[in-house]
Amino acid sequence: MVPAGLCLDKTLVLRDYVANLMNGDSSPQPGKRLGLTAYLLAGIPFFAVSFGVCFANRDEPVLFGFPFLLTYLIFWICATPLFLWLADRSAHQ
Amino acid sequence: VSSFVAFSIVGAILLGSMAFGFLAVGKVKMSPQELVIGNRSFGTILLSLLFAGETITSFTFLGAAGWAYSRGAPAFYILAYLPLGLIVLFLFGPLLWRRAREFNFLTNADYFASIYESRLLGLLVAICGVFFLVLYLTVQLTGIQILLEIAGYGSVKGISAGAIAFFLIVIFVFFNGLRGVAWVSVIKDVLVLSAVLFAGVVIPIHFFGSPLHLFERLREAHPDWLTLRSGTMPNGTVWFVSTVLVNGVGIITWPHAVAAIYSAKDEASIRRNAMLLPFYQVILVLVLFAGFSALLLTPGLKGDEADQSFMRVVQTHYSAWVVGVIAGAGCLAALVPGSSMVLAAGSLIAKNIVGTFSQSFAQKHQTTLTRISVLLVAMCAFVSWAAARSTLVSMLLVAANGAAQFLPGILLSFSDRRPSALSIGSGLMVSLLFLCWTAAVKLPLISGINVGLVALVLNFAMVGLITLTNQFGQRLRRSGRELADR
């Protein structure tokens, strides 16, 4: 059983989040300061899609018929949001 | 008949999306703030739409397929530079926005003029910015021309049709500003998404059975097509890395991208937008599939024709309404970023160029002045495009690499010890002169490195050199004074 209060909390958080996304009447959020951890986390995909390509410039191993270079890039495009999200989490208000 | 069907669909798409934009914006009171940067009120969704609208242009649409067709793996740079740009946006966009809001900036030239306390530097940045934007606009015009000629099945002159489409959107911007552009992006994104799904999924399945077989066939026909050449060779890995870096930083240096950053409601919206957009950009992979399919289906297109490759496949194998929808989507992909470019260039002229000479006049009539400048810029881009296209093509690299040269001025403004306006200005001038020289002697690479990155290094070096000379001079003067005191 989940306590009722927690459920209410969660729906409220979700509603706030959606309102924020849709540019509703929610007030602007204060800025954050990114620390070293955030820069390091964001730096990982940054180097992967630029300098990392030198090491991924291969056709093999072929996955789903895709050349490895393409798989590598698709992987990092999809992983970028994850790293940015972690970087955002690591920052304090 | 085919050309009539395709053309009416393109026309309906353009008019429909503009009507949608008019309705969505509604009766917002137009101030310069509202016109140019949407009153700094865009939340994550509207901001993401705007950024998606600005980054996925008709070049990405036609050019990515064209590169996949004519060069192969080097086309992957288009996949790589967008996430890189978003990481840069995530890290530095909020800092840029914070100052813009604190000092009420409208343009990227405002930023330079105010942070470095030099209206002359602002003027220089504004003039360069307008020049780059006009050049970049001509790329979009060429995109529209290609699409309309395909939709016309050879019976329509692209230039005149392009002129109509282009001025339609200018009128739209004139009244609705950046908010209108962001809302039209909704339709643009939906249409581009369906066009890309069609081109990248339906075409490979129709002709090869599946994308997997497409790659098998491609490996048989062009064994070296799916990897980059090594090291410093043209379009090799060194070129790839340098091009990705130069293009990626564009997301915080292009004047119209800066305006989009200013339009955010808060810093969190900018960060969230950077986290969301890679998921949208991954669809560009499908455009590459379309280019590869075209290579196997209609080989032998040379030069500029490569950009038409997958549209030609659609034109020969599918019915006119499909051609119309895809051409309409492509036209919107040119017009949405195009309109934010004319808006940015117009505001640069009104606020920073006219404003330098007569501040009171520029302030009093800012909205009108911005609107007139928008018309002027559009006219200028169109006339130069119609008159001197071949010269423009060689200048384009100067614009694309030139916009990245604003980077030192932006990045160093965040540091505790800001360089002087003189050092930023001379760094900018040196790198631009260098880029013009490379364009004049037709030198796109220096030992495999994209000249844009070389120019950027020169730019930073120049800033450092002048800052050091300045400090040395100050120290010399101080010790001279101490000696005299003794």
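Visitor: What makes B:Phe310 a residue in contact with B:Phe61 and B:Ile326?

Guide: Contact means heavy atoms within 4.5 Å. Leaving aside neighbours within four places in sequence, B:Phe310 is in contact with B:Phe61, B:Ala65, B:Ala199, B:Ala290, B:Ala294 and B:Ile326, so each of these has a heavy atom within that limit of B:Phe310. The model is predicted: local features need pLDDT of at least 70, side-chain atom pairs count only at pLDDT 80 or more, and totals for chains, interfaces and linings use all residues. Residues are numbered from 1 along each chain as its sequence is written, and side-chain values use heavy atoms, with hydrogens and water left out.

Visitor: Why is the set that includes B:Phe310 called a nonpolar core?

Guide: The name applies to buried (under 20% relative accessible area, 1.4 Å probe, protein chains only) Ala, Val, Leu, Ile, Met, Phe, Trp, Tyr and Cys residues joined through side-chain atoms within 4.5 Å. The largest such core has 205 residues, and B:Phe240, B:Phe292 and B:Phe310 touch the most other members.

Visitor: What makes up the buried area between chain B and chain A?

Guide: Buried area is the accessible area (1.4 Å probe) that two parts lose on being put together, summed over both. For chain B and chain A this is about 3,900 Å², with 73% on carbon and sulfur atoms. In this pairing, 45 residues of chain B are in contact with 40 residues of chain A.

Notes
Chains lettered and ligands numbered in written order. Buried < 20%, exposed > 50% of the residue type's maximum accessible area, 1.4 Å probe, protein only.
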